[in-house]
Amino acid sequence: MTLHPSLSLLLHLTLILPTTAAALSIQAASPPALLHPNAVYPRANAFHNLSSPTPDKPLILASYTSLFPPGGHKTLSTSISRDGGKSWRFLSDIWTANATTHDIDNAYPLQLPNGHILVAFRNHDIGALTGEYVYYRITICLSTDYGQSWEFLSHASERWAAGRNSKNGLWEPLLRADRRGRVQVYYSSERGAGRQDNVVRVSDDLGRTWGDEVVVSTREGARDGMMGVVEVVVPGGGEGRLVCVFETTEEDGRFAVEAVESLDDGGSWGEEGRRRVYTVKKGKDAGAPQVVSVGGWLVGSFMTNEGVDGGEGEGVDGGEMKIVISKDGGRSWDGAAVAAGRGSHWPGLYQLDDRRFLGLYSADGVGAVSRIFEIDD
Ligand SMILES: *[C@@H]1O[C@H](CO)[C@@H](O)[C@H](O)[C@H]1NC(C)=O
Ligand SMILES: *[C@@H]1O[C@H](CO)[C@@H](O)[C@H](O)[C@H]1NC(C)=O
């Protein structure tokens, strides 16, 4: 969709990427569309209703965490968009838990070629008296009726909490299917107070059982986390080269965004190719990145407080959502442009076509939203 210039002014957002090469601009091509007025961590993936009369129609399935205060429950839910992210309709609840004793969040959906849908999420137990984590899980749920209802399928990883001074949590899962149809679950695994690794496990049986942990990224003294994974589509085909973006900590504990790559469809990952995606201004943070492929470009997102004149202690969560672009398959990155202003949390991305993508985030005072963006060169 190409917008008339006056309309894009009305939409109040044109992002000029200060690229060193030819200028790319990113425009908002829709107003924000509401997913849920009181939800966080929206994530979206492609969806086909194979039992409908129009099984080829591309729909979008989103999952998110809604909060029902006071002292109440957290619920993981799904919504469907039938118009390319311009509007959403509630579809189903996946899982509900008492927020005093359970921490459920970070849901990520994936439809398999047979039409079944998996959702991975963090599913932790909290001590009612201590308020501390007791048990950690990355849980997988399954829907065999196109998202109407959900059942427990497996835990991709689980363990007892090691205790206050020795963090060993499991966080932010992401699902993808490899070229052989196997399911990969990526998540972050704490190895201690100042150390976290990114890892992946593979399932040969559509998410029922999971193989051993393979390390995606690790660095002594750093907290690597919050992965986004994308296949770099090479013209003329070729073996799957994947790029994984993630947040990591600098020596002073501040967050920056880095990337590693896999040349074998996610089977193995190497630190040799580890490179910087984005460094923020000194004393600020950039975290929670995601990545999608749009046309010949990779589009990366993250949240950052670098443009926010907050007081001391204003963290990366609730800063701005920014976009960076790579024209060379993730080797170098240009940007960054503000896609969503202060008070935007935990952004996700979804590719719509060769020009357009959705940004999904929760906005203060509004809720979980998606917005269509378009790249112009
Ligand atoms: C899928 O299609 C069936 C048959 O038309 C319909 O009953 C169901 O509501 C659809 N589900 C979704 C999520 O679109
Ligand atoms: C949630 O759990 C706490 C602690 O067990 C309990 O006091 C509270 O009543 C529960 N809330 C609901 C809404 O069930």
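A: A336 lies in strand β23, residues 334-340. Strands here are DSSP runs of E with at least two residues, numbered from the N terminus. This is a predicted model, where local features need pLDDT of at least 70 and side-chain atom pairs count only at pLDDT 80 or more, while totals for chains, interfaces and linings use all residues. Residues are numbered from 1 along each chain as its sequence is written, chains are lettered from A and ligands numbered from 1 in the order in which they are written, and side-chain values use heavy atoms, with hydrogens and water left out.

Q: What is the peptide bond from G335 to A336, cis or trans?

A: The bond from G335 to A336 is cis, and its omega is near 15 degrees.

Q: Backbone again: what is phi at W346?

A: W346 has a positive phi, near 50 degrees, and is not a glycine. W346 sits in strand β24, residues 344-351.

Q: Which residues surround ligand 1?

A: Y146 is one of them, along with N49, S51, S52, P53, R82, L91 and Q148. A residue is near a molecule if one of its heavy atoms lies within 4 Å of it. By class, that shell has three nonpolar, four polar and one charged residues. Ala, Val, Leu, Ile, Met, Phe, Trp, Tyr, Cys and Pro count as nonpolar, Asp, Glu, Lys and Arg as charged, and the others, Gly among them, as polar.

Q: Which side chains come up against oxygen atoms of ligand 1?

A: An N or O atom in the side chain of N49 is 2.4 Å from a ligand 1 oxygen. For R82, a polar side-chain atom lies 3.1 Å from an oxygen atom of ligand 1, and for Q148 the value is 3.4 Å. Of the 360 Å² of accessible area that ligand 1 has on its own, the protein covers 62%. Accessible areas come from the Shrake-Rupley method with a 1.4 Å probe, and for residues only the protein chains shown count as cover.

Q: Switching to E258. Where is E258, and is E258 buried or exposed?

A: E258 is in strand β18, residues 255-262. With 5% relative accessibility, E258 counts as buried.

Q: Which side chains have a polar contact with E258?

A: The side chain of R274 does, at 2.6 Å, and so does the side chain of R276, at 2.9 Å. A polar contact is a pair of N or O atoms within 3.5 Å; within protein, one must be able to donate a hydrogen and the other to accept it, and residues adjacent in sequence count only if both atoms are side-chain atoms.

Q: What about S157, buried or exposed?

A: S157 counts as buried, at 7% relative accessibility. S157 is placed in strand β11, residues 151-160, and its side chain makes a polar contact of 3.4 Å with that of Y187.

Terms used: Helices (H or I, at least four residues) and strands (E, at least two) are DSSP runs, numbered from the N terminus. Buried means under 20% relative accessible area, exposed over 50%, partly exposed in between (1.4 Å probe, protein chains only).
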